[in-house]
Amino acid sequence: MTETQKSATLTLNGESYELPIFSPTAGPDVVDIRKLYAKAGVFTYDPGFTSTASCDSTITYIDGDKGELLHRGYPIDQLASKSHYLEVCYLLLYGELPTAAQLEDFETRVTRHTMVHEQMHNFFRGFRRDAHPMATLVGVVGAMSAFYHDSLDVTDPWQREVAAVRLIAKLPTIAAMAYKYSIGQPFVYPRNDLDYAANFLHMCFSVPAEEYHVNPILSRAMDRILTLHADHEQNASTSTVRLASSSGANPFACIAAGIACLWGPAHGGANQACLEMLKEIGTVDRIPEYIARAKDKNDPFRLMGFGHRVYKNTDPRAKVLKQSADEVLELLGVEDNPLLQVAKELEQTALNDPYFIEKKLFPNVDFYSGIILEAMGFPTSMFTPIFALSRTVGWISQWKEMIADPQNKIGRPRQLYLGETLRDYVDIEQR
Ligand code: CMC
């Protein structure tokens with residue numbers, strides 16, 4: 001972050017205040033208002049953080065107008081086609097693409113941590129079978145702080161490293177266990193001879209009673225979904241993780257907070273909501289009805305998988321996933337999948353509609369991911385847990401960056417108070 005010669009002047013009640021301006025390596029300049037309250041006695045007002053940079057970061061950059069997503073400078077489409085999930089994890093965590101030896105070492109470390117503490121099985125069994133797997137995930141990841149005491153000290157870089165590897169390694173195991181528990185099947189232990197995505201499919205779909213071979217095409221598609229969701233700069237769940245960890249909370253508690261935030265339908269829950277919407281629409285002739293509802297101000301309905309706070313042109317992840325959906329369905333021999341047909345027709349109709357054009361609403365990452373996941377055999381309730389396990393590396397990378405920053409201080413937003421001013425307590429008989 002370089003302070004430029006430029007500054008902004010704020011005039012307030014006849015007084016002028018110079019506010020320094022910082023220039024990023026990419027993106028808009030930021031006005032530094034940190035001393036504004038001390039000097040001028042005013043707060044700034046920005047609900048939803050639409051114009052506020054909450055931190056500085058070197059991990060991910062998004063240009064919403066160009067539809068560009070870069071991790072450590074590398075474009076997501078190159079990473080999705082040439083790299084794979086664990087290599088992208090390394091890039092996000094450590095800043096550079098690994099050498100072959102570094103990658104092997106990292107993959108070995110992650111692979112060696114895939115099993116969960118055996119006593120965690122009992123913890124799982126305390127949940128109702130019909131619990132949403134996200135509810136189970138929030139609880140179990142939070143509970144990791146009760147199982148792994150040797151990686152709770154956030155002031156120790158080594159413990160932070162161990163916690164990071166544990167979380168990346170165990171999230172697929174925990175998500176798969178949540179799924180198995182919900183359908184009444186036995187937990188399946190990880191297999192360290194399989195790669196990250198293939199192992200996840202194995203833990204979800206194999207049963208002890210028979211052989212299960214992971215289809216390499218499906219594991220590649222799974223890996224691509226994980227890669228595309230790995231990080232997305234300061235979105236709601238990442239900001240939640242940063243805010244939670246600003247108090248010095250342990251990493252497992254912070255990631256559990258991120259998972260809880262991700263669950264909402266405006267964020268990670270949109271993939272489940274999107275597929276449910278496509279099923280509800282059912283056939284292409286009903287699309288105009290749903291487009292009309294999405295445009296109706298008096299109807300709370302929104303087109304799920306459409307729109308984004310940052311992307312105002314195209315979501316580069318959606319482009320890759322649309323292609324992946326075609327490939328996976330063709331390979332599975334279900335290219336005439338009715339949901340895919342509804343999705344494609346809905347996309348075309350919306351993209352040609354003035355409402356969506358004017359508001360710059362495009363399909364986002366969640367629009368096609370659900371179709372692929374369903375074709376693989378996942379129920380809709382598993383879509384958001386899969387998003388959570390892939391985003392864990394992003395949360396951890398941002399968490400590590402924040403903890404290592406000497407300027408890190410507890411997050412404490414201010415408010416515009418509109419409530420009652422001081423008044424005297426009234427006894428109950430007099431109310
Ligand atoms: N369908 C219909 N209208 C929409 C939609 C939509 N999906 N998205 C935004 N709008 C309208 C909205 O009504 C508003 O209209 P007006 O200006 O007339 O009031 C305008 O577009 C701007 O919307 P906003 O809510 O102010 O925009 P935002 O940046 O706060 O919200 C969003 C972004 C993603 C929450 C929103 O587009 C949305 O709810 N989309 C559907 C849910 C979804 O797909 N979420 C996944 C996001 S990507 C994955 C992730 O980050 O987790």
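Visitor: How much space lies in the second largest cavity?
Guide: The second largest cavity holds about 40 Å³ of space. This is a predicted model, in which local features need pLDDT of at least 70 and side-chain atom pairs count only at pLDDT 80 or more, while totals for chains, interfaces and linings use all residues. Residues are numbered from 1 along each chain as its sequence is written, and side-chain values use heavy atoms, with hydrogens and water left out.

Visitor: What makes a space a cavity, and what makes it a pocket?
Guide: On a 1 Å grid over the protein atoms alone, a cavity is a set of points where a 1.4 Å probe fits but cannot get out; a pocket is an open set with protein on both sides within 12 Å along at least five of seven lines. Lining residues have an atom within 4 Å of a point. Grid points are joined across faces, edges and corners, and a volume is the space filled by probe spheres set on the points.

Visitor: Which residues line the largest cavity?
Guide: Its lining consists of Met115, Val116, His121, Thr173, Met177, Phe187, Val188, Tyr189 and Pro190. By class, 7 are nonpolar, 2 are polar and none is charged. Here Ala, Val, Leu, Ile, Met, Phe, Trp, Tyr, Cys and Pro count as nonpolar, Asp, Glu, Lys and Arg as charged, and the others, Gly among them, as polar.

Visitor: How is the lining of the second largest cavity divided by class?
Guide: That lining divides into 4 nonpolar, 3 polar and 2 charged residues. Among its members are Gly307, His308, Asp315 and Lys360.

Visitor: What volume does the second largest pocket have?
Guide: The volume of the second largest pocket is about 190 Å³. Of its 13 lining residues, the closest to the centre are Leu86, Thr111, Leu194, Asp195 and Tyr196. Helix α4 (100-111) gives the most to this lining, with 3 residues. Helices are DSSP runs (H or I, at least four residues), numbered from the N terminus.

Visitor: Why is the pair of aspartate 150 and arginine 166 called a salt bridge?
Guide: A salt bridge requires a side-chain nitrogen of Lys or Arg within 4 Å of a carboxyl oxygen of Asp or Glu. The N to O distance here is 2.9 Å, so the pair meets the definition. Aspartate 150 lies in the loop between α6 (133-147) and α7, and arginine 166 in helix α7, so the pair ties together parts that are 16 residues apart in sequence.

How values were computed
Helices (H or I, at least four residues) and strands (E, at least two) are DSSP runs, numbered from the N terminus.
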